[in-house]
Amino acid sequence: MMTRIKFIEHDGAEHVIEAEPGQSVMQAATFHGIPGILADCGGNCACATCHVYVDPAWRSRAGEPSKTEREMIDCALDVKEESRLCCQIRVSAELDGLVVRLPQSQT
Amino acid sequence: MDANIPAHVPSERVRDVDLYNLPGADEDVHLAWKKVQDENPDVFYTPRYGGYWVVTRAALLERIWPDHEAFSSRHISIPRIEGAPPQLPLEADPPVHQYFRAPVSVALSPKAVRTLTDRARALAIELIEGLRPKGRCDFVHEFAAHLPMEIFLSIVDLPSEDREWLIARAQIMTRGAKVEAKQQALGEIFGYLEKWIGQRREHPGEDLISRILQIRVADRPISHQEALSECALVLFGGLDTVAGTMGFIARFLARNPGHRRRLVQEPALIGRAIEELLRRHSIPTIARVLTRDVTLDGVLMKAGDFVQLTTVFHGLDERAWPEPLEVDFERDAHAHMAFGKGVHKCPGSNLARAEIRVFLEEWLKRIPQFSIAPGGDAVTATGAVAGVLNLPLVWPTEAGPVPAAGSR
């Protein structure tokens, strides 16, 4: 069972991809070549270059950032309340239909 | 040299290729590496510097880079320097690696890059405005070397006035001077870092030296040697890499007026163009040590063997990039490996991109038309970081057209 995720770039361009449960949202994004998800540290929550905004309707299901992730989010640009590092969001069936937006800095 | 070829290396895979003495590298180091790629097997063994494997194809590099379990980073230099303390964080493997890497990532995070870019831009404008009326310069010495040194000083919160002194020593180290002179320059730079490490130990601030000194490696504090090593890598990691990349890009644009005009007329293209220029002009070479036996391309590599990873081979592999020698700003080049891949991917990649962007935006605005000085050319160099040693440029000024050869 694949999980569908919609990425909306800062300019409005939309990409719907299918992710495998167990992957991180970042891994799915880089596998499908979503522009703007750099993921420089390879998914170790250590670079703040996979910054996304989780759509409000999905925030509780995507979960809250850990302390480490919150500290790293502080190093990102254009931070909002719904900011997450998508290497720390685990794909699951529950997230089928997830919508995330890319900040201006992730272009 | 045969003594350097272990029994498990098939003789048909042995090639004598010298990383530091590549035919043609003085004029064009990328074409020199391309020739090595074209003329040799995908995986071969060179007896140079104690003997090691060379992989020449993008797919193999992508396979090795992220596999830090089979391909350790504990020695990344060719030749291997016996007894040398590890360069940190590059020569640390997971899980210890993360402790050394973390403060560097924070210091080079997207938010930090924004502030650093402002400083780089101010300096770039000042330098270019100073050069513009002259109609000529050595691009490497008078421009490219300055931006990354200023950035380093900013990251560690040290005065800009130290820039010229540090650049002079860094240039001795990279310009093939006598070994004694290099040793002396290196010693002076380490002395400089030692002095500030001592000072920041007494009076810690928010800068990266202070943060490095606060690293805890699992349950112990970072040692003095480790801190010195990491500070040195923070300094050197961003110097000739960025200056060299700018040098290759400036040479390309000097020789290709069509590409140059396009960036002048459509500055919005610059972001995308940077990725393509990085692909075409990748520069670092790094090594890995096998922790276990691995078979690649049908060849058995044994635990303890060394492998050379050259980013140029990725960017110029026609199996990954059609017409690899062509620079095409329409190409989607974001998957290039100029910064590596995996846990050791260059933590300064976004800073480097920002510095290159500052160079292109501010230079092309002020000196849109430039060429290589008549009778001159770039001098490029091979080695762990392919570089541009000299790049004499000329351009028309209000006082007159491009100066003739030899005039000053």
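Helices here are DSSP runs of H or I that hold at least four residues. By that rule, Glu230(B) belongs to helix α10 of chain B, which covers residues 224-237. The structure is a predicted model. Chain A and chain B meet in an interface that buries about 1,100 Å², and a salt bridge between Asp40(A) and Lys345(B) crosses it. The points below treat the interface, the salt bridges, and several buried sites in both chains.

**Interface between chain A and chain B**

- The area buried between the two chains is about 1,100 Å², and carbon and sulfur atoms give 53% of it.
- Pro110(B), Lys111(B) and Arg114(B) supply 37% of the area that chain B buries against chain A, more than any other three residues.
- Chain B brings 13 residues to the contact, and chain A brings 14 residues.
- Seven residue pairs are in polar contact across the interface, with both partners at pLDDT 80 or more.
- On chain B, the helices α3 (97-107), α4 (110-131) and α15 (349-366) each supply at least two residues of the side that touches chain A.
- That side of chain B divides into three nonpolar, six polar and four charged residues.

**The salt bridge between the chains**

- One salt bridge is found across the interface of chain B and chain A.
- Its partners are Lys345(B) and Asp40(A), whose side chains meet at 2.6 Å, N to O.
- Lys345(B) lies in the loop between α14 (311-315) and α15 of chain B, whereas Asp40(A) lies in the loop between α1 (25-31) and β3 of chain A, so the pair joins two chains.
- Both Lys345(B) and Asp40(A) are buried.

**Other salt bridges**

- Over all chains, the count comes to 39 salt bridges.
- Asp207(B) and Arg200(B) form a salt bridge through their side chains, at 2.8 Å from N to O.
- Asp207(B) counts as buried because its relative accessibility is 5%, under the cut-off of 20%.
- Arg200(B) is likewise buried, with a relative accessible area of 8%.
- Glu330(B) forms a salt bridge with Arg262(B), and their closest N and O atoms are 2.8 Å apart.
- Glu330(B) lies in the loop between α14 and α15 of chain B and Arg262(B) in helix α12 (residues 257-265), so this pair ties together parts that are 68 residues apart in sequence.
- Glu330(B) counts as partly exposed at 46% relative accessibility, and Arg262(B) counts as partly exposed at 28%.
- A network of salt bridges links Arg121(B), Glu129(B), Arg132(B), Arg357(B), Glu361(B), Glu362(B), Lys365(B) and Arg366(B).

**Glu230(B), a buried charge without a salt bridge**

- Glu230(B) is buried yet has no salt bridge.
- The nearest side chain of opposite charge is that of Arg101(B), 8.9 Å away; a salt bridge would require a nitrogen of Lys or Arg within 4 Å of a carboxyl oxygen.
- Leaving out residues up to four places away in sequence, Glu230(B) touches Leu88(B), Pro89(B), Phe100(B), Pro103(B), Val104(B), Ile212(B) and Ile215(B).

**Buried positions in chain A**

- Leu98(A) is part of strand β5 (residues 98-101) of chain A.
- Leu98(A) counts as buried because its relative accessibility is 1%.
- Residues up to four places away in sequence aside, Leu98(A) touches Arg4(A), Ile5(A), Lys6(A), Val25(A), Val54(A) and Trp58(A).
- Leu98(A) and Ala62(A) are 36 residues apart along the chain, and their C-alpha atoms are separated by 8.5 Å.
- Asp55(A) sits in the loop between β3 (51-54) and α2 (59-62) of chain A.
- Asp55(A) also counts as buried, at 15% relative accessibility.
- Apart from its neighbours within four places in sequence, Asp55(A) is in contact with Val99(A) and Arg101(A).

**Helix α6 of chain B**

- Helix α6 (residues 146-155) of chain B is mostly covered, with nine of its ten residues buried.
- The buried residues of α6(B) are His146(B), Leu147(B), Pro148(B), Met149(B), Glu150(B), Ile151(B), Phe152(B), Leu153(B) and Ile155(B).
- After α6(B) comes Asp157(B), whose phi is positive, near 55 degrees.

Key: Residues numbered from 1 in each chain as written. Chains lettered and ligands numbered in written order. Predicted model: local features only at pLDDT ≥ 70, side-chain atom pairs only at ≥ 80, totals over all residues. Heavy atoms only, no water. Buried < 20%, exposed > 50% of the residue type's maximum accessible area, 1.4 Å probe, protein only. Lys, Arg positive; Asp, Glu negative; His and termini not counted. Contact = heavy atoms within 4.5 Å. Buried area = accessible area lost by both parts, 1.4 Å probe. Polar contact = N/O pair within 3.5 Å; in protein donor to acceptor, adjacent residues only side chain to side chain. Nonpolar A, V, L, I, M, F, W, Y, C, P; charged D, E, K, R; others polar.
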